[in-house]
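Please look at the sequence and the structure shown here, and then read the short report that follows.

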Amino acid sequence: MILWGDSIVRRITLLSAATATALAASMLTGSAVATADGTADSGPVLDTAATTYDHPGTVSVTAHSDHPITRITAHFTRVDAQDGAPEAGSTADFTQQYGEDGRSGVWRAPVHLAELGDYRVTVDLEDSSRATVTGAVSPLKLEYRTVLAVSEFTVTPAAPDYLHQRVTLSGTVLAEDPRTPDTAVPAGDVPVSVDGRHGRRVATTGADGRFTTSFVPTWSSDDLTAWPVATAAHPGAVTLGTREARQVTAVAAPTRFTASTHALDLRQGATGTVTGRAEIQTAGGWQPLAGAPLSLLGLDADGRTTFLAAQTTTDEQGLYTLRVPTDNPAPTGELLLGGTPFLRSATQPFSLHVAYTTHLDLWAALGDDSRLSVSGQIYYGDPRAHWPAKPTVTIEYSKDGKAGWKSAATLPLRIRHNKANIQEEFATKFTAPPDAYWRARFAGNPDLAGSTTKPVHLRRYATRITGFNVSPEPVRKNGRLHFSGTLQYKPGGVWKPLAGESPALYFRARGASSYRFVTDLSTDSHGRIRDVVLNAVKDGTWAVAFDRQTGPRFLRSARVTDYVDVR
């Protein structure tokens, strides 16, 4: 059984409510109330009889009557005894402990029994009117057992500070046999549970009954108690904890610190850094504060802490490096030093602003007419982000894809969704240089990080036809015409023959407004147009151009012409 050392007082008070129960029990067990003249009277009433835990080897009786109680006798029978078994002992040497006039209160008497154990208690009472009660049964039993009690429980220091943080708890466990009261002896090998806000620690007594344990407080104040635990050496022992809790109150020292910055503007996924030095005030002045926590906290609109954004610990010189991730933006936050039982908090305002990541894609194709077709999409992935008003994407080009980027077009984004992970699209066409690197760029803003696509190289070579000639000229009607010329392309600064390609032949009759396609020609290994023979039918202009089967590498050439007079 585990009881507080002062539980006897509380327990006796509560047992006053058991009067009716005790009276009913006395009636059921044959106890009777009688007066000297045989008339009925409200004689003595037993409330309870029970163990006096903090006074081993005694029994406490709570009773009341209309007249002062003059005699009390308690009888004890083992709870496991057979019916009709003789009592194990009795006591009548009661002294009133509580109450003033003898009409109600608590009486205590020594108990001398041969064996430890639990006993039923019946009580005989008599008051000054000679009214008596015999055989009143107590609702509680007498626990006649060894008592294990903690004494000399000490806490050192009771006011720990930053330089002396560890608190040592010690005491002695004494064992007292109720058969030999007032002869408590040290109890060895007894576990002792020391409890407080810090949790529970268990120490075991040595042969001298002493126990010791220690801890570093994690609360600014703590109330500590110690309880022995019954073991095989003291089976069924009554265990008494400390009468009063021992208080530990940590002494918090003033602190201060410096910070290299009070605001960070970071792209999502990046890490920022804050550095500084922390100090503690001691009797010798301000000193470096080692091993202290420094945190970045996010605050709500009311200045209350809502989350921890980052944390670090100062080194031996009081220096710190706080690495700040962008997982939790803290537009309104604070740097906090200390906040432990031994360190007063020191704070400084801080702002962590995060530009959320955007994802940009571009598709581009250069036609043989020098028209660049671009399309793409852009989105952000964090639901806390939003598009600004009138966002734009810029299409840029460069000669080498590394430097010298120039803007070719600025495209307004038509925001259709403004939600995370949903693409917004853009597209356009324009005339472009034949050889350039292209990219799309979103400049970003304070809330959305800029993004740029990887450069894509698009190139088409310029082409031309030189020396185009139709012969003979003039020519007779239905006479044969021969065509010649050279197809060239320009891969650098020099024109070179373009072999194996197919320039197109066109004809526009005199008086007509447009050309009509005649046939595809071909070029030999020197880029020369292979001779083709056609009949001359009408006066008109013949034209040739590389503009139908240019493929992915070449631009269209201009048309070159030759007029033929047919007679």
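## Where domain 1 meets domain 2

One salt bridge (a side-chain nitrogen of Lys or Arg within 4 Å of a carboxyl oxygen of Asp or Glu) is counted between domain 1 and domain 2. It joins the side chains of Asp54 and Arg243, with 3.3 Å from N to O. This is a predicted model, in which local features need pLDDT of at least 70 and side-chain atom pairs count only at pLDDT 80 or more, while totals for chains, interfaces and linings use all residues. Residues are numbered from 1 along each chain as its sequence is written, and side-chain values use heavy atoms, with hydrogens and water left out.

The size of an interface is often given as the accessible area lost when the parts come together. Between domain 1 and domain 2, the buried area (accessible area lost by the two parts on being put together, with a 1.4 Å probe, summed over both) is about 820 Å², and carbon and sulfur atoms give 66% of that area. On the side of domain 1, Tyr53, Pro56 and Leu116 lose the most area to domain 2, together 55% of what that side buries.
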